[in-house]
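Q: I would like to learn to read a protein model feature by feature. Where do we begin?

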Amino acid sequence: MNFFARFIFIAFFTVSLSFVSCRKVEAARTELVFGTVCTVNAFDDGTTELYNSLFERLHSMDEKFSTSKSNSEIEKINAAAGKSAVEISDEVLFVLKIALSFAEITNGAFDPTVGPLVKLWGINTEYARVPEQWEIDNALKLVDWSRVKIEENKVFLPVEGMRLDLGGIVKGYAADVLAFMVKEAGVKRAVIDLGGNIYVAGKKKDRSLWRVGVKNPQNPEHSTAITLSLPENSVVTSGVYERFFIKDNIRYHHIINPKTGYPVDNGLTSVTIVSKSSTACDALSTSLFILGMEKGFALLKQLERQNFPTAGITVKEKTADSTDGMGMWLFGSGAVNDDGFENPVKLTAAGLPFVEKADGMADCFNALYIDSENYMYSTEDLKKCYGMS
């Protein structure tokens, strides 16, 4: 090998090593965001650069939607309640409108103005307590999603003391954003876990289905009630075991009924929603928990009457009502507006997310209920196609 050839070889080898070094793979990354542990694993495509961009985006959303940071857009709206409208970003406005749409279709079971009650109970904070009835009565007067005023990019809460809290939907939205980002980056497979809001994106290396465990509400730290085998999807569970405190041998959990002002007590211990929109999963897991079995089925029948895509309900070990109205969403590609807001969710005319069907699935939306006796109620499609073990 002559000198010139040797020089070219060494230069190429050095550049190659530099490229490989820049592409060093991280197995996964975990950070504290939204007040919970968030982990993203992009497997073979998990570079430092990718994780930096994903978590920078997560922290950016946390800064906008937080109810514990006074400079967040949500807290600026809350601080101005009864005084003035607040101009907000396209992203916060977008998520707020989706939340209000879910409030409408659930008749207020999902209510983004539940903030006064959340603050009053202080669950998952050092100030957790059982409020006096008069305090709850006063807080309930401030909870009414229909009173939120939106004009262009300005939001106004007309009564002093009203508070927005989008904690029941924002992690789902954030999971959709990250799923969109990893696909745009060419990532072949990823697991996004935002404090239990799971999104499995792409396909496993061996082409097998993803396996996602649903915690056993009776023993959430050590066992699963069921393992779902599924293609790309989001899985979100709302349960009584997630955040709670115990007073006088009574467990007070964080899922508060905006109609009564108290943590829900309807015999359910968890509700799991599976679909390709984590935004929809997040809002509906909370809503169906609050509505309970009977009213939850009634809501699904209402969706059926509105000619949305359908899926049947079956019951394991117990008898219950059934419906064909399980779904209404079809997830779509995103868009970037002039402000750089990356929107991973397309909306229906009603302002709700679209959700596409999972590969090999007849229907686009599935649900699993677990009650206090550990009986399970699920959609037929979930039982047949996702697999249960």
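Q: Which helix lies across β4 and β5, and at what angle to β4 does the helix run?
A: Some ground rules come first. This is a predicted model, where local features need pLDDT of at least 70, side-chain atom pairs count only at pLDDT 80 or more, and totals for chains, interfaces and linings use all residues. Residues are numbered from 1 along each chain as its sequence is written, and side-chain values use heavy atoms, leaving out hydrogens and water. Helices (H or I, at least four residues) and strands (E, at least two) are DSSP runs, numbered from the N terminus. Axes are lines fitted to C-alpha atoms, for helices over the stretch in contact, and angles run from 0 to 180 degrees between N-to-C directions. Here, helix α4 (residues 90-105) lies across β4 and β5 and runs at about 135° to β4.

Q: What is the strand order in the open sheet of three strands?
A: Strands of a sheet pair through backbone hydrogen bonds, either parallel or antiparallel. Two strands count as paired if DSSP finds at least two bridges between them. In this sheet the order is β3-β5-β4, and the pairing is antiparallel. The edges are β3 (86-87) and β4 (149-151); each has a single partner strand, so one side of each is left without a neighbour in the sheet.

Q: How many bridges join β4 and β5?
A: Three bridges link β4 to β5 (residues 154-156), in the antiparallel sense.

Q: How do the axes of α2 and α4 cross?
A: Angles under 35 degrees count as roughly parallel, over 145 as roughly antiparallel, 65 to 115 as roughly perpendicular and the rest as oblique. The axis of α2 (residues 48-65) comes within 10 Å of that of α4, and the two cross at roughly 70°. So α2 is roughly perpendicular to α4.

Q: Which residues of α2 and α4 meet?
A: Contact means heavy atoms within 4.5 Å. From α2 come R57, M61, K64 and F65; from α4 come E91, V92 and V95. For classes, Ala, Val, Leu, Ile, Met, Phe, Trp, Tyr, Cys and Pro count as nonpolar, Asp, Glu, Lys and Arg as charged, and the others, Gly among them, as polar. The contact of α2 with α4 has four nonpolar, no polar and three charged residues.

Q: Is R29 buried or exposed?
A: Buried means under 20% relative accessible area, exposed over 50%, partly exposed in between (1.4 Å probe, protein chains only). R29 counts as buried because its relative accessibility is 14%. R29 sits in strand β1 (residues 29-33). Beyond four places in sequence, R29 touches residues including C38, T48 and F55.

Q: Which side chain makes a polar contact with that of R29?
A: A polar contact is a pair of N or O atoms within 3.5 Å; within protein, one must be able to donate a hydrogen and the other to accept it, and residues adjacent in sequence count only if both atoms are side-chain atoms. The side chain of N52 is the partner of R29, at 2.8 Å.

Q: Where is S72, and what lies 3.0 Å from a polar atom of its side chain?
A: S72 is in the loop between α2 and α3 (73-79). The backbone nitrogen of E75 lies at that 3.0 Å distance. S72 is buried, with a relative accessible area of 0%.
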